[in-house]
Each structure stands twice: as C-alpha cells, then as structure tokens.
Amino acid sequence: MRDLELAEEINEEIVRRTRAGDPESTKAIAGLGVILYKRFERIGTVGDLQKAIKHGEDALAATPLDHPDRAAGLNNLGNMLCARFERIGDLGDLQKAFKHGEDALAATPLDHPLRAAMHSNLGARFERIGDLGDLQKAIKHAEDALAATPLDHPLRATMHSNLGAWFSRRFEPIGDLGDLQKAISHGEEALAGTAPDHPRRMIMCTTLATSLQSRFLQLKSPEDFTKCLSLYHEAFHCVPSPPRSRIQAARRAAILLYSARKIPESSSILEDAVNLMPHVDLRFLTRDDQQHILSQISGLASIAASMALQAGREAYHGLKLLELGRGIIMGFSMDARSEASDLKTEHPLVFDQFNRLRVEIDSEIDINCASDETPEQRQPRAISRRYEAVNEMEQILKHIRSLPGYDGFLLPPPRDALMKMATNGPIVVFNSTIYRSDAIIVTTSAITSLELPKLSYADTVSRMNQLASFGGGSFLKRRQDTKGMIDLLRWLWKAAVGPVFDHLEGSGAITDGVHENNLKRIWWIGFGQLSMAPFHAAGDHSPGSTRNNISRAISSYIPTIKALSYARQKQLQLFEECDASFSPERSKKAKILKKLNPRLLLVPMPETPGALELPGVTEEVLYILDSSAKSSIETTLLSGPTPAEVLERIKYNEIVHFACHGVSCLNPSDSHLVLFNQDRISAGKLMARDISKLVSQNAHIAYLSACSSAKNLSTDLADEVIHLASAFQLAGFSHTFANMWETDDQASSEVARDFYNLLLQDGGNGEDDHQRVSTAFYNAVKKVRDAKPGNPLRWAPFIHTGA
C-alpha cells in the first residue's frame, strides 16, 4: 500500500508541475488511473474505481489518435469499465469496454509486446456475457494471446491460466471432456510457471483445482481428488492473497471433502475459513463496499455450523461459528462503541490509547478536512493511516489481553458468559442449510442443539420466498395472502418453534407455557433464509388453541448474542418508585421518575408527499399524548420533520416514536423512514445508514410505527441484519419496536395506544424496566391478535428487538 501511495504522490506532483495537455501531464493522469484501479483491486473501494475511470477518460481525451500510448490507454480504460460492469452491472460499461478493447487491438502492431495482453483482456470481456458464441471468441483471443507471448515472458503463465479457465467454462454447457483435458493441461503449465511466493499463485491453484474437480466428478479418479484438494489447501494458506479469496478456496475444498463423506475434514477447513472472516479488509471501506464484499461470502458461517454438528461437534462450537459469521458490520461498530468501563477504571492510559484508535477506526475516512490539499491528494494518506491505525489496534488489543483478567477482551464470549446471557430467558438460534437444520438453544444450565428434520432447506427457501410476496394487491390477493400466512405460521410451529418449546418444557427451562402470568421471555435468532421468519407468531391461532408462541412466551428478536450483550450494557431506569410527595392513588397508576425525567420525541407523518395518507397516525399521536400527560414524560411533537432535524433531536430523548411510511430497499442500508425534505414540501429519507452512525447516550426506546422497518430484502446480506430496527439498536437504543412487513394503519394505532397505556400508567408489578417494556408490548400485540386471530397479516408484523 505504501508503494501505491508513493506512486500516486509522484504522479500528482507531475500533474501540478506541468500544464494541462502537456504529454507528461497526460501520462501522469493515466498513471493515476492505473494506480487507483490497482488499489480498487486490492481493497475494493468503488470510489477508487470511479476516479480511475475518470482519470483514464481524461488521459485518453488528451492523447492524439496517432500517439503510441493510445492503445495502452484504451486497453487500461477497457479493463476499468469491465470491472465496473462486474460491480454495478451496467451493460453500457461492457459495451464501451468491448469498443475500447477492439480499438486497442487494431492500433497495436502484430509484433508489439502488449498485443498478447490486449487479446487476453478482450477475450475476458467476451466471456463475461456468457453466450456460447462469445465464449468461442474468448477462447480464440486467449489462444492468440498465448501464441503472441514468448516462452520466457513473465505473463505466459497468466495466459495459460486464462485459456485453461475458458476451456473449463466451455466444458460446463457442452460436456466435452476434451475441453476439460485442455483446461487441466493449460492450468498445469500456468502453475509450473508461477513461483511459490508469487502473488498470482493462489489464482493458478484455484483455476487448476476447479478443472480437476470437474474431471473428478466425471471420472472419480482418486488422483484428481487428491491433487485438487491439495491445490485448494495451498490456495487457502496463501497468506498474501486477500482473505475473501482464501475463504472461497476453503469453501470449495469443504464441498469436495463432503462429497467424499470426509465430514470432520470438511468441518475443519470451514471453521478455519470462518475464523478468517474478521480479517477481511472491511474497515477501510464505505458501507456499500463492505456489503458487496460480505455478499460474496454469504452463508459461510451457517454451512460451517451445520458441518460442525454433522461432524459430531458440540452445540457451543457451532454457536461460536454462527456468532463469528453474523452481523460483521454491526459487530465492528459495537466493538468500537463498547464502554470498556473496567479497563477505563483499572488501566486509564491503556484505555485512552484503545479509545483513540477505536474512534478513529469506527469513523469514515475523512478526506475533506481543512487542508491545503485536495481530497484526491489526501485520500491515499488517509487510507494509509487507516491501515496503520488497524495495525496499532491489533497491537494494543494484544497488550490488553495480556493484562490480568482481560484475556477475553472483545473476543467471542466463553461458554459460561453465553449461558449467563440467558438469565432472563432462553436464546434460540435457528440454522437451516442444504446439509441439515438445527436449533441451538442457550439456557442458564446448558447450550444444546436440537436437529429439526421437518425444517428442510428447500421448504425454508420456498416458505420465506412466499412470505416476501405477501402484501398489497387486490382484495382477493389479500384473502389469499391471509390463508397463506396462516399455513406458513402453522408450518413454522411444526417444523421449528413447536419442537423447541417441547424441548424447553421437557428440560424444565420453561413451564408448560399456557399461564399468562408466568410467561418466560425468549430471544429468537434466525440465520440465512430464516432471518425474516416470524417465530413470535408461529402456531395455530384458532380459538382455544395454545399450540402457538404467543400463548407460551414473550418473544424478542436479536441479531446476535453479542448484540444482546450490547443492548444490556445500558441500564434501563425509565421508571422508579415515586417518593412520599406523591399521593398513594397516583403511585398506583404510575412510577414517577426521580432522576432521569425521560423525554419522548414524537415524529408523525399523517400526510406524506407522493404517498398514501395515514389517517391512523393522528389518532395514534393523540393516544400517546394522552398517556404521556398522565406521567412525568416530557413530550416533544415535531411538525414537518426533516431527517437532519430528527437526527439531531434523537440525541436528547430517551424515547423516540415514529409514525410514518417505512421503505425497505434492496440495498438494506438505503432503507428509510419517509419524512420531509428541508423545503417541507417534498419527501425526505431518514436512512438506516445515517441512523446507525449515531451514538446516543440517552437512547432507550425506539418505536418505529412504520411498514417494513424490520425487513431486509437482500438475501445475500441476510446475516448482516441491516434494516431500520437494527440501525436504531446500533445507535444505542436498548429496545426497538418495528414491523416485519406492511402493516394495517388501524392495527398500528391500536398497538401503540395500548403499549404506552401499559408502559406509562401500569404499576409494573415489581418488574425491572427491561421486562416491563417487553411485557407491555407483548400485551398490546396480544390484544390486537385476540380481537382478530384469523388475520395474522394484521397483527403478526409487530415485533420487539433488543434487551
């Protein structure tokens, strides 16, 4: 990285010292594009790629048509556009890449040393389309590239590897073993021509291994199996390669081992891959870049946990893998924001050093601060400094963990710590993969696993896709959706939730569950496809039935057990016993806060530009104002709220209540609550990405009376649990109330009304405030359920997440 930084500084200095249009300036601008492109390949920041393309276009525009450097500029720009196509998917970029590649080839003499690389790059662009005819063209270009590369040329191994990969790709649709043999032959040549410590060695290993694996599946040769496995292992242990590439090699090795029924070996390499996930270079990236990289390794922890249980490992081991591989983006922020109060008290100097680094690492890279330099000039040094900060953090963490009593600092919690988290109720983690489905159950006495044979992966995918299709449409569709939801909730009970309750009741962890005054709390975590499953509503809700979750427990959701610990760091003290100055009659109706004097921020949007009116919002707000007037809560009602205003006001309120439209987006960080823009006329967006940046010391309760505020549309990012509810949780709210899908306006109003009535006026029955909050919400939802149990689309979306 330091080499790239120095190269960038030199080229920028040349640009500053030369006039626009000067040949040296043009060459330096082109060089800047190449440097930024290389940094994009290394780190994955799409901003670098956009700037690289801009520099490449500027340099090309300043290069005469007959200039000898023009072909290289066309070729480089084509590569950058091709990379942007792969990242963003704009076919226009691919078409431009084709045109630049063809122009570059036409402008390059037959004996020119760059002609081989241009053939190879142009072939790669044909191959990306996936059409068989274009694949033939890709192979032809790759063959020409190899023919034009001298035997002793450093790039000859790469040409062999590329050609082998395309023969392997052609084997897939056609099935000609001759193509597979050629692929293997070229792959072996490539590997033989690549030194063991060469940066591209890992690519050569995986390319050849993929071809050998295809031949093994055809011919079942033990020699192919052994050699293929050895190559995948070498690729995984190639430390200089990016961790995400090494993880993919481990995944392929695990699949190969599983096919040979070598379960313990498959489990072992998957575990190594999961342990590598925290080392994926994410802290240098924007949120969108982080999401892109994590989408490429989606589902790894789920598969590793399934394989571990299949190999006979204990439930605690599988749970550790799941915790490591879920909510990685959220986990980074939680680690950086954790109080670490004991460290601060016992080792203040060490804490100061740790705290400085965690704040720096958790902040976005600032390239716009006051300086004589432009953002483009500052960026390389800012990125380089971030690398240094991460390395310094690793050293300070190593030091902290050497201190007495701090050996587990910011590491996955040990078994006893996980079990302690179940003090207020069991934690149940559902995991379903193509290999098996299980519930891992954490209680104060044990961590156990329960295999769920009826929760097949195929059924899970089908049912969750069905769930995603519910909502909107005609009266007939709503009726069909209601029937579908009733069927889904019964299936979820039979396949997953019911067996868990039978297990918990049989072990004595909870009672038989049908006595409302003695209900236990349960926290649910669903992995992968199950991340959006409505476990709280599972069961048969026909009159008189108790074979349902609501009859047996007070349900809460949590992204990870680490997130539950994070939510509990803040002691909730909204309601305390009133003093002697209050009458006994008033004491029975409310617990008056002596110290905190809690504040409630109301953010209503009964009318939204470009969207349907929400008549229930006005009614909902009046209910809340009436309830708060009978307590010591200070209430602020925002009129015409804007995102900037709300983000500022949130910091000073213990409770925030939104009654507005909510939108779930395919990019989950873009999910938003719909407010007003600064003009108070058009609609504005309060995005999940902006909420999650808040660090509110006063935050306790966030009530999101908005559609789909706990919904994540991205299946590739299901385990990152990114939505509006988790954003508020990360901002510091111990309790968040949200909706899994579109909600009924009137039902939302009724749940909010009853929640605040119970929360602010009921005596509390001696409960702690965490229990009090969750119980009030449970009773509010249950009241709506009991009114119309046959319409789960009306009451089932309401959920609680948090402590």
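**Exercise 1.** In this predicted model, work out how the reach of helix α4 sits against the span expected at 1.5 Å a residue.

*Solution.* Start with the count: α4 covers residues 70-88, which gives 19 residues. The expected span is 1.5 Å times one less than that number, and this comes to 27 Å. Now go from the first C-alpha to the last: the helix reaches 27 Å, close to the expected value.

**Exercise 2.** Classify the ring pair Phe 755 and Phe 777, and say which helices it ties together.

*Solution.* Searching the whole structure turns up 18 aromatic pairs. For this one, the ring centres are 6.1 Å apart and the planes meet at 75°. Planes over 60 degrees apart count as edge-to-face, so that's the label here. Next, place the residues: Phe 755 belongs to α30 (residues 745-761) and Phe 777 to α31 (residues 769-787), so the pair ties together parts 22 residues apart in sequence. Both Phe 755 and Phe 777 are buried.

**Exercise 3.** Find which charged ends sit over the rings of Phe 216 and Tyr 623.

*Solution.* Over Phe 216 you'll find the charged end of Lys 220, 5.4 Å from the ring centre. For Tyr 623, go to Arg 753, whose charged end is 5.2 Å from the centre of that ring.

How values were computed: Residues are numbered from 1 along each chain as its sequence is written. This is a predicted model: local features need pLDDT of at least 70, side-chain atom pairs count only at pLDDT 80 or more; totals for chains, interfaces and linings use all residues. Side-chain values use heavy atoms; hydrogens and water are left out. Rings of Phe, Tyr and Trp (its six-membered ring) pair if their centres lie within 6.5 Å; planes under 30 degrees apart count as stacked, over 60 as edge-to-face and the rest as tilted. Helices (H or I, at least four residues) and strands (E, at least two) are DSSP runs, numbered from the N terminus. Buried means under 20% relative accessible area, exposed over 50%, partly exposed in between (1.4 Å probe, protein chains only). A charge sits over a ring if NZ of Lys or CZ of Arg is within 6 Å of the ring centre and within 35 degrees of the ring normal.
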